[in-house]
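Trainee: Hi, I'm about to open a structure that is new to me. Could you walk me through it?
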Amino acid sequence: MDDRRLETMIGRLLQIGVLLAAATVLAGGILYLIQSPSGQVNYRSFTSGDPHLTSFAGIVLSAAHFQSLGLIQFGLLLLIATPVARVAMAVVGFALERDRLYTVVSLIVLVILAFSLIHAT
Amino acid sequence: MTAWEFTALVWGLSFLAGFLGALTGLGGGVVVVPALTLALGVDMKYAIGASLVSVIATSSGAAAAYVREGFSNIRIGMFLEIATTVGAILGAFLAARVGTHALAIIFGLVLIQAAIQSFRGNKGNDLPVSSDTLANRLRLGSSYPVDGKPQEYGVRNVPAGFGLMFGAGALSGLLGIGSGAVKVIAMDRIMRIPFKVSTTTSNFMIGVTAAASAGIYLSRGFIDPRVAMPVMLGVLAGALLGAKVLVHARVRTLRTVFAVVILALAIEMIVNGLTGKV
């Protein structure tokens with residue numbers, strides 16, 4: 001496998017991930033608007049948010065119950081996962097090319113991303 | 001405002017921001033955040049959370065097209081992402097601590113920088129150089145198509161570029177933007193990488209950089225689904241359309257108009273930050 005083919009595969013993976021994420025967010029959004037009460041909304045002041053929508057487990061659980069906001073957040077999680085998958089694919093690709101230096105470089109990036117995501121959620 | 005009105009308005013603004021961001025190469029984030037905070041009174045933290053999400057969408061969505069053109073350099077991107085991701089984590093932690101007023105002022109200053117760069121019109125350098133010792137050891141040099149023929153290029157000043165990339169990552173994490181402009185400066189001006197390779201590699205890196213701070217944004221509640229949903233869908237649709245018409249557009253005039261708009265938004269952000277209105 002050469003660099004060009006690897007990059008094309010990665011590019012396509014990213015597009016599929018984004019489309020999947022956008023479709024999920026759209027589905028959740030439509031559900032939210034259909035169910036939304038007629039009251040006023042405003043986002044003028046920040047509150048630290050519903051734990052069901054800010055933790056990995058909470059989001060998955062709420063999306064599994066087809067709750068609109070949970071579905072949107074799940075779509076956004078998919079979206080966040082696409083660049084992470086991109087880096088993971090690069091690790092595999094460089095390993096297949098027997099490029100030790102860049103296998104390590106991509107692994108470092110993957111570990112940083114994993115640290116950030118796991119530490120946060 | 002009802003939920004329907006809010007969603008429709010935010011979607012429309014985001015579509016416009018994504019469209020103009022793609023045409024001018026400045027990205028949607030720099031317009032979405034001021035539009036949400038100034039026009040709709042949305043709290044800065046929700047605005048930058050939604051913007052960060054849209055940044056990932058446009059970067060990943062456009063990546064396939066750039067790769068096909070054969071410009072982006074995955075080795076340079078991956079190596080520099082070590083710096084941008086660590087910077088982004090630091091920036092995201094800072095964003096949770098810094099007050100809203102300060103965020104608005106910093107955002108305004110970054111907008112001014114973007115406007116100035118846009119006024120100047122970034123022609124960039126296209127004269128290839130030979131790699132220095134460190135770049136050679138990292139095998140960063142490559143080739144890209146110029147008039148159908150592969151043109152070799154080298155890379156220089158890796159430590160300085162790496163350092164500025166850390167800064168670009170921190171700004172991205174702090175303000176929820178792609179900070180593509182700073183990334184291009186680091187690669188094009190400092191590391192002497194050809195302009196086209198710099199811009200496409202920068203776009204490739206933006207998504208990974210933003211993903212590094214997204215988890216922290218999510219857990220702190222910056223990403224509210226009711227705000228992020230229309231922003232993400234709007235910016236993505238606008239950016240895809242912008243990339244399609246880019247070929248036919250007169251970008252020069254558009255860039256100047258856009259720069260004026262950004263400058264106006266910058267001043268309003270800073271004034272509102274200073275007077276405590278944002």
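Mentor: Happy to! One term to begin with: a residue is buried if 20 or more other C-beta atoms, placed from the backbone, lie within 10 Å of its own, exposed if 12 or fewer do, and partly exposed in between. This is a predicted model, where local features need pLDDT of at least 70, side-chain atom pairs count only at pLDDT 80 or more, and totals for chains, interfaces and linings use all residues. Residues are numbered from 1 along each chain as its sequence is written, and chains are lettered from A and ligands numbered from 1 in the order in which they are written.

Trainee: Okay, why is helix 2 of chain B largely enclosed by the rest of the structure?
Mentor: Because nine of its 12 residues are buried. Among them are B:G29, B:V30, B:P34 and B:T37. Helices (H or I, at least four residues) and strands (E, at least two) are DSSP runs, numbered from the N terminus.

Trainee: And how far does helix 2 of chain B reach?
Mentor: Helix 2 covers residues 29-40 of chain B and reaches 16 Å from its first C-alpha to its last, close to the 16 Å expected. That expected span is 1.5 Å times one less than the number of residues. After helix 2 of chain B comes B:G41, with a positive phi near 65°.

Trainee: How many helices and strands does chain B have?
Mentor: Chain B has 11 helices and two strands. Strand 1 (residues 142-146) and strand 2 (residues 149-153) of chain B pair in the antiparallel sense over five bridges; pairing needs at least two bridges found by DSSP. The two strands of chain B form a hairpin with two residues between them, and B:D147 in the turn has a positive phi of about 50°.

Trainee: Which residue stands opposite B:V146?
Mentor: That's B:K149, in strand 2 of chain B.

Trainee: New topic: how many residues of chain A are in contact with chain B?
Mentor: 53 residues of chain A are in contact with 50 residues of chain B. Contact means that the C-beta atoms of two residues, placed from the backbone, lie within 7 Å. On the side of chain A that touches chain B, the largest share, 16 residues, comes from helix 1 of chain A.

Trainee: Last one: how much of chain B is buried?
Mentor: Buried residues make up 60% of its 278 residues. The C-alpha trace of chain B spans about 55 × 40 × 30 Å along its principal axes.
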